[in-house]
Amino acid sequence: MSDETTQAPAASVAPARIRGGRDSRDIGIDLGTANTLVYMRGHGIVLNEPSVVAVKAGSTTALAVGAEAKETIGRTPGSITAIRPLRDGVISDYEAAEEMIRHFVRKAVPGRRPRTRMVVCVPSGVTPVERRAIVHAADRAGARAVHLIEEPMAAAIGAGLPVSDARGSMVVDIGGGTTEVAVISLGGIVTAQSLRVGGDRMDAAITDFVRKEHQLLIGERTAEDIKVAIGSAGPVPEDPALEMRAFTVRGRQKVGGLPMTLDLTASEVRSALDEPVEAIIAAVRTTLEECPPELSGDVMEHGIVLTGGGALLPGLDVRIAAATGIPVHVADNPLDCVAIGSGKCVEDFDNLQKLLKAS
């Protein structure tokens with residue numbers, strides 16, 4: 001199940017073989033809280049790795065980045081710290097983010113390359129200060145020009161929605177740090193909600209539930225494994241056996257500190273996820289309430305499209321449909337929609353430049 005109720009696979013995509021040409025200078029980056037994806041013009045997605053950096057304590061020296069760094073989370077000695085440079089979809093550690101972007105760009109475009117033109121995806125609710133931080137980090141990582149595109153717009157493009165038509169299209173992109181809800185028409189976002197709730201908040205909800213209800217301490221990786229294995233947002237008609245499943249959890253007792261094992265049921269996990277799921281549904285309802293009547297009719301006719309890792313949470317589409325009375329569809333390949341959308345802007349830059357925010 002980044003991006004993130006479920007996160008994208010940790011393994012990176014093999015770098016493309018570059019023979020020069022202007023396509024090698026243009027890339028799209030989905031700078032996600034959980035995973036970063038790089039799309040290269042003419043080659044598609046060439047890198048997909050966790051947004052994690054392992055640094056030496058007391059310094060900014062990166063010892064590992066990406067999949068290698070993620071393996072160290074919760075297992076590092078005191079001299080090494082594994083950090084995630086992005087929180088809630090924005091940069092929380094500028095120096096680590098800069099190092100991570102530089103590492104990923106070099107890995108995706110091996111060898112000595114000209115400074116690249118980058119299209120970087122950002123949450124629709126970021127502040128001007130947060131936008132500048134992303135632009136500066138990309139610039140110092142080797143960009144000759146940086147263009148920003150809002151994540152719901154990129155997700156809609158990647159999902160194949162007609163964003164340039166005079167028709168309302170609604171997308172809900174659920175990533176690792178944020179949920180972006182937007183109604184799009186004529187190449188612009190008409191109304192939107194940016195909610196700092198996503199896969200990370202769901203993992204935290206599971207961690208809190210296990211601690212409060214079972215007096216057991218678990219880490220974020222274990223919480224994510226639980227979510228992927230037996231997590232759900234509501235009934236799943238195509239998988240009725242899900243209700244009967246359990247997951248063996250290993251952790252440390254809250255009192256006493258000794259190792260402990262318990263079997264966590266799917267219904268318990270659903271209960272734990274109820275709060276973040278309700279927050280997402282509330283954002284969807286608020287966006288619909290603020291939508292112009294003509295576009296509301298379009299959304300009612302064509303439905304809501306879910307993208308991002310959270311779209312893969314079983315039962316979420318059914319629950320949103322029940323709460324809104326509108327059909328809900330999960331996009332094809334939802335984990336990659338934002339990266340594909342930024343890549344389409346790179347592939348057809350002249351025609352789609354109006355959707356970008358030059359910086």
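Because seven of the seven residues of S9 (residues 116–122) are buried, the strand is largely enclosed by the rest of the structure. Helices (H or I, at least four residues) and strands (E, at least two) are DSSP runs, numbered from the N terminus.

This is a predicted model, in which local features need pLDDT of at least 70 and side-chain atom pairs count only at pLDDT 80 or more, whereas totals for chains, interfaces and linings use all residues. Residues are numbered from 1 along each chain as its sequence is written, and side-chain values use heavy atoms, with hydrogens and water left out.

The strand pairings are listed below; two strands pair if DSSP finds at least two bridges between them.

| Strands | Sense | Bridges |
|---|---|---|
| S1 (residues 26–31) and S9 | parallel | four bridges |
| S9 and S10 (residues 143–150) | parallel | seven bridges |
| S15 (residues 246–253) and S16 (residues 259–265) | antiparallel | seven bridges |

Within these pairings, Ile29 has Val120 in S9 as its bridge partner, and Val119 stands opposite His147 in S10. For Val249, the bridge partner in S16 is Leu262. S15 and S16 form a hairpin with five residues between them, and Gly256 in the turn has a positive phi of about 105°.

Helix H4 (residues 151–158) packs against helix H10 (residues 337–347) at an angle of about 85°, with the axes 7 Å apart. Axes are lines fitted to C-alpha atoms, for helices over the stretch in contact, and angles run from 0 to 180 degrees between N-to-C directions. H4 and H10 are therefore roughly perpendicular to each other (65 to 115 degrees; under 35 counts as roughly parallel, over 145 as roughly antiparallel and the rest as oblique). In H4, the residues Glu151, Ala154, Ala155, Ile157 and Gly158 meet residues of H10 that include Cys337, Val338 and Ile340; contact means heavy atoms within 4.5 Å.

The predictor's confidence in each residue is its pLDDT, from 0 to 100. The protein averages a pLDDT of 85, and 90% of the residues score at least 70. Among the elements of the protein, strand S17 (residues 304–307) has the highest mean pLDDT (97) and strand S19 (residues 357–358) the lowest (50). Over residues 1–23, pLDDT stays under 50.

Terms used:
Buried < 20%, exposed > 50% of the residue type's maximum accessible area, 1.4 Å probe, protein only.
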